[in-house]
Amino acid sequence: MGAVGVLSRKNALIVLMSIELMLNAANLAIAAFARYWLQADGQVIVFFVIAIAAVEAAIGLAILVEIFRLRRSVDLEAMSSMRE
């Protein structure tokens with residue numbers, strides 16, 4: 001569902017939430033495999049992924065708030081003019 005959200009949505013907030021869904025799905029898979037193989041390495045990896053996801057969310061939301069203040073929209077198609 002996360003990949004579908006990233007590829008099909010135009011709202012930047014929903015895209016950020018979809019990225020979080022993908023990271024959580026990866027965490028779940030890593031934790032399950034680590035439990036199956038009785039390895040603690042997977043839990044350490046999940047911890048780092050959660051930390052990276054938290055930083056990504058904080059920075060992404062800060063950027064989106066600033067873009068919203070400037071343009072009054074978080075539509076990704078409207079942000080394409082930033083390339084110019």
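This is a predicted model: local features need pLDDT of at least 70, side-chain atom pairs count only at pLDDT 80 or more; totals for chains, interfaces and linings use all residues.
Figure 1. Starting from the N terminus, the order of elements reads α-α-α-α. The radius of gyration is 16 Å, well over the 12 Å that the globule rule gives for 84 residues, so the chain is more spread out than a compact globule. If you box up the C-alpha atoms along the principal axes, you need roughly 50 × 25 × 20 Å.

**Figure 2. The surface and the contacts of the chain.** How much of the chain is buried? Buried residues account for 20% of the 84 residues. Now take the contacts between residues at least 6 apart in sequence: 46% of them join residues at least 24 apart.

**Figure 3. Helix H2 from end to end.** Helix H2 covers residues 12–36. Which residues of H2 are buried? They are Ala-12, Val-15, Leu-16, Ser-18, Asn-27 and Ala-34. The cover over these buried residues includes helix H1 (2–8), H3 and H4. As a reminder for reading such a list, an α-helix has 3.6 residues a turn, so residues three or four places apart point the same way.

**Figure 4. Zooming in on Ser-18.** Ser-18 belongs to helix H2. Is this residue buried or exposed? Its relative accessible area is 5%, and the cut-off for buried is under 20%, so Ser-18 counts as buried. What does Ser-18 touch, once you skip its neighbours within four places in sequence? Its contacts are Gly-2, Gly-5 and Val-6.

**Figure 5. A nonpolar patch on the surface.** Here Phe-33, Tyr-36 and Trp-37 form a nonpolar patch, and together they have about 460 Å² of accessible area. Phe-33 sits in helix H2. With a relative accessible area of 56%, Phe-33 passes the cut-off of over 50%, so we call it exposed.

Figure 6. Leu-38 is found in the loop between H2 and H3. Look at its backbone: phi is near 55°, a positive value in a residue other than glycine. Leu-38 is also exposed, at 65% relative accessible area.

Figure 7. Arg-72 lies in the loop between H3 and helix H4 (76–79). What is the phi of Arg-72? It is near 60°, a positive value in a residue other than glycine. Arg-72 has a relative accessible area of 62%, so it is exposed.

**Figure 8. Ile-45 and its distance from Lys-10.** Ile-45 is part of helix H3, residues 41–71. Its relative accessibility is 43%, so Ile-45 falls between the cut-offs of 20% and 50% and counts as partly exposed. How far is Ile-45 from Lys-10? In sequence the two are 35 residues apart, and in space they are 31 Å apart, C-alpha to C-alpha.

Key. Residues are numbered from 1 along each chain as its sequence is written. Side-chain values use heavy atoms; hydrogens and water are left out. Patches are made of residues with over 30% relative accessible area and no salt bridge: like charges are joined within 9 Å, nonpolar side chains (Val, Leu, Ile, Met, Phe, Trp, Tyr) within 5 Å. Accessible areas come from the Shrake-Rupley method with a 1.4 Å probe; for residues, only the protein chains shown count as cover. A salt bridge is a side-chain nitrogen of Lys or Arg within 4 Å of a carboxyl oxygen of Asp or Glu. Helices (H or I, at least four residues) and strands (E, at least two) are DSSP runs, numbered from the N terminus. Buried means under 20% relative accessible area, exposed over 50%, partly exposed in between (1.4 Å probe, protein chains only). The radius of gyration is taken over C-alpha atoms; the globule rule is 2.2 Å times the number of residues to the power 0.38. Contact means heavy atoms within 4.5 Å.
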